[in-house]
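User: Please take a close look at one part of this model. Keep it brisk.

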Amino acid sequence: MKLLVINGPNINMLGIREPGIYGKNSYADLLALIEKTSLEAGIQIDHFQSNHEGAIVDTIQAAYGAYDGIVINPAAYTHTSVAILDALKAVSIPAVEVHISDVDSREAFRQVSYPGMYCEKTIKGQGIDGYRQAIVYLQEKYG
């Protein structure tokens with residue numbers, strides 16, 4: 001099984017950006033967790049992070065035929081990007097949406113998730129462990 005983990009804007013600033021909301025783990029800590037989970041599950045995982053919507057869309061499109069599943073944290077694009085939603089729909093790869101914080105308890109504008117309209121599962125408020133949960137879910141369901 002081969003999975004792709006995609007992170008949107010400001011995820012590279014984990015540990016620096018609002019630690020009261022996003023925790024104290026760094027982006028390097030997140031990548032280490034993804035690598036550890038990959039090894040434990042015996043699957044290949046690639047990762048991508050960008051602060052640019054078009055780069056995320058291009059990466060989703062490039063995943064067609066190359067990956068069995070996508071774990072995506074669109075970050076701020078969650079609430080604005082029909083383009084990311086359409087890219088996910090176009091490639092028809094099983095996807096799980098992850099949010100480090102509990103977006104349901106935050107500002108009203110964070111209650112809408114365009115990419116989540118395609119994703120078969122959303123994990124929120126679990127910190128970076130949400131990524132592990134998403135990987136395990138996809139591996140158990142499709143691996």
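Which residue lies over the face of Tyr67, and at what distance from the ring centre?

Analyst: Lys2 lies over the face of Tyr67, 5.0 Å from the ring centre (NZ of Lys or CZ of Arg within 6 Å of the centre and within 35 degrees of the ring normal). The model is predicted, so to speak of local features takes pLDDT of at least 70 and side-chain atom pairs 80 or more, while totals for chains, interfaces and linings use all residues. Numbering starts from 1 along each chain, and side-chain values use heavy atoms, without hydrogens or water.

Lys2 opens strand 1, residues 2–7 (strands are DSSP E runs of at least two residues, helices H or I runs of at least four, numbered from the N terminus). The open sheet has five strands, ordered 2-1-3-4-5, with parallel pairing (at least two DSSP bridges). Its edges are strand 2 (44–49) and strand 5 (121–124). Each edge strand pairs on one side only. Strand 4, residues 95–99, joins strand 5 through four bridges, in the parallel sense. There, Val98 stands opposite Ile123 of strand 5.

Helix 4 spans residues 82–91. Its buried residues (under 20% relative accessible area, 1.4 Å probe, protein chains only) are Ile84, Leu85, Ala87, Leu88 and Val91. They fall within an arc of 160° down the axis of helix 4, so they line one face (the arc is taken from axis to C-beta directions). Their cover includes helix 3 (53–62), strand 3 and strand 4 (contact is heavy atoms within 4.5 Å). Just after helix 4 comes Ser92, with a positive phi of about 50°.

Conventions:
Axes fitted to C-alpha atoms, helices over the stretch in contact; angles between N-to-C directions. Buried < 20%, exposed > 50% of the residue type's maximum accessible area, 1.4 Å probe, protein only.
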